[in-house]
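I opened a new notebook page for this structure. These are my entries, in the order in which I looked things up.

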Amino acid sequence: MTARSEFQIIADLFAPLARSCPGAYGLLDDAAVVGVPAGQELVVTVDALVSGVHFLPDDPPESIARKVLRVNLSDLAAMGADPCGFLLTCAFPVGTSDSWLVAFARGLADDVAFFGIPLLGGDTVATPGPASFTVTAMGTVASGTALRRGSAMLGDLIVVTGTIGDGALGLMAAQGGMGLSCDQAGKGFLVDRYRIPRPRLSVPAALSGGIRAAMDISDGLVQDLGHMCHLSGLRADIALADVPLSGPVHCCVTSDPSLYKAVMAGGDDYELLMAIDPSFDLPSEVDGVPLSVIGRFIEGNGCHVTGISGGTWQPKKTGFKHF
């Protein structure tokens, strides 16, 4: 059990993560003061991650900390925002060891440095229940330019970043990998993708002038695309064969096509799902991240998926639901 008090935890482990922001006041005051540059708007998002729901209880503390921050940065990416700071609330189970806390803070520090986003404050409590962490992330965009989910237009291309299904199959691999035909290296790759999302922060700016709508894929491609269709008043027509897969996922679904259900509806990918003007000169990648056209927005409603062998492919479960 940690011998540090709440204030020692803040001073020793978290205050160093606030040094780059003068308005955080070393986490010694009740709140932080954050300025917004002229001509910019503040974009704010919040996500809570709970042990046993969003991460496994025995996941490494460093990866848990990084995932907590990165899923929020993915939301900022979906809005086209540049990160500028975040708040963190930690509910540590009673009896959490000091070494666990230190490792958690170390993982968070690595990403604070990597993304250049300071910690601005938050809260630290003990709980008799499972560990839970909540980040409120803030970013800025030029006034009036924030991307929305519901602004796709008829004929727009449906584009995704990276590869789909790594998160869902990564969870399966982390739970033992039964039913996955890829080798141990492939399973290790998938576990890493599940534990540590890659927020695609540089993509929206690179597609400026062509990107009309965006959201991140957190609850499953089919379900999230359905949200975009509903808000845009359009129908999505996509092909399963065009959905980009990593090598390990391709190996798994080739051996067991039923795993396409997890690939398309499992979630935890944190890739960007975008509506792109068809006249835009779409690059094949941005900063090494592949861009793949998987379909088009057409008249109607809902999401239609053409299967590998033709015909309509429709999973009974379209994505993750809490309730």
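Entry 1: I began with a pair of helices, and H4 passes H5 in a left-handed crossing. By left-handed I mean that the near helix is turned anticlockwise from the far one by less than a right angle; clockwise would be right-handed. My helices and strands are DSSP runs numbered from the N terminus (H or I, at least four residues, for a helix; E, at least two, for a strand).

Before going further I noted the ground rules. The model is predicted, so I noted that local features need pLDDT of at least 70 and side-chain atom pairs count only at pLDDT 80 or more, while totals for chains, interfaces and linings use all residues. Residues are numbered from 1 along each chain as its sequence is written, and side-chain values use heavy atoms, with hydrogens and water left out.

Back to the pair. H4 covers residues 166-174 and H5 covers residues 184-195; their axes come within 7 Å and cross at roughly 115°. That makes H4 roughly perpendicular to H5. The cut-offs are under 35 degrees for roughly parallel, over 145 for roughly antiparallel, 65 to 115 for roughly perpendicular, and oblique for the rest. Axes are lines fitted to C-alpha atoms, for helices over the stretch in contact, and angles run from 0 to 180 degrees between N-to-C directions.

Which residues meet? From H4 I listed Asp166, Gly167, Leu169, Gly170, Leu171, Ala173 and Ala174; from H5, Lys187, Phe189, Leu190, Val191, Arg193 and Tyr194. Contact means heavy atoms within 4.5 Å.

I then checked burial in H4. Asp166, Gly167, Ala168, Leu169, Gly170 and Ala173 are buried. Buried means under 20% relative accessible area, exposed over 50%, and partly exposed in between (1.4 Å probe, protein chains only). The cover over these H4 residues includes H5, helix H8 (247-255) and helix H9 (260-265). After H4 comes glycine 176, with a positive phi near 130°.

**Entry 2: strands E5 and E8.** I looked at E8 (residues 272-276) next. 5 of its 5 residues are buried, so E8 is largely enclosed by the rest of the structure. Leu272, Met274 and Ile276 lie on one side, Leu273 and Ala275 on the other.

E5 (residues 157-161) pairs with E8 in the antiparallel sense over 4 bridges. Pairing requires that DSSP finds at least two bridges between two strands. In E8, isoleucine 276 is the bridge partner of leucine 157, and alanine 275 is that of isoleucine 158. E8 is also joined to E6 (residues 211-216), antiparallel, by 5 bridges. There, methionine 215 stands opposite leucine 273.

E5 is largely enclosed too, because 5 of its 5 residues are buried. Leu157, Val159 and Thr161 point one way, Ile158 and Val160 the other. E5 has another antiparallel partner, E10 (residues 289-298), through 5 bridges. In E10, arginine 296 is the bridge partner of leucine 157.

**Entry 3: the other sheet I traced.** This open sheet has 4 strands in the order E1-E4-E2-E3, with mixed pairing. Its edge strands, pairing on one side only, are E1 (40-50) and E3 (119-127). Neighbouring strands are turned by 15° against each other on average, direction ignored.

E2 (residues 82-93) and E3 are parallel over 8 bridges. I noted phenylalanine 92 and its E3 bridge partner, alanine 126. Helix H1 (residues 6-14) packs on the sheet, touching E2 and E3, and makes about 140° with the direction of E3. H2 lies across E1, E2 and E4 (132-142), at about 140° to E1.

**Entry 4: the cores.** A nonpolar core here is a set of buried Ala, Val, Leu, Ile, Met, Phe, Trp, Tyr and Cys residues joined through side-chain atoms within 4.5 Å. The largest has 56 residues; Phe14, Phe86, Leu88, Phe104, Leu108, Phe133 and Met274 touch the most other members. H2 gives the most to this core, with 9 residues. A second, separate core of 39 residues includes Ala168, Cys182, Met215 and Ile294.

**Entry 5: isoleucine 64.** This residue is in H2 (residues 61-78). Is isoleucine 64 buried or exposed? It counts as buried, because its relative accessibility is 3%. Leaving aside neighbours within four places in sequence, isoleucine 64 contacts Phe55, Leu56, Asp59, Trp100, Phe104 and Phe133.
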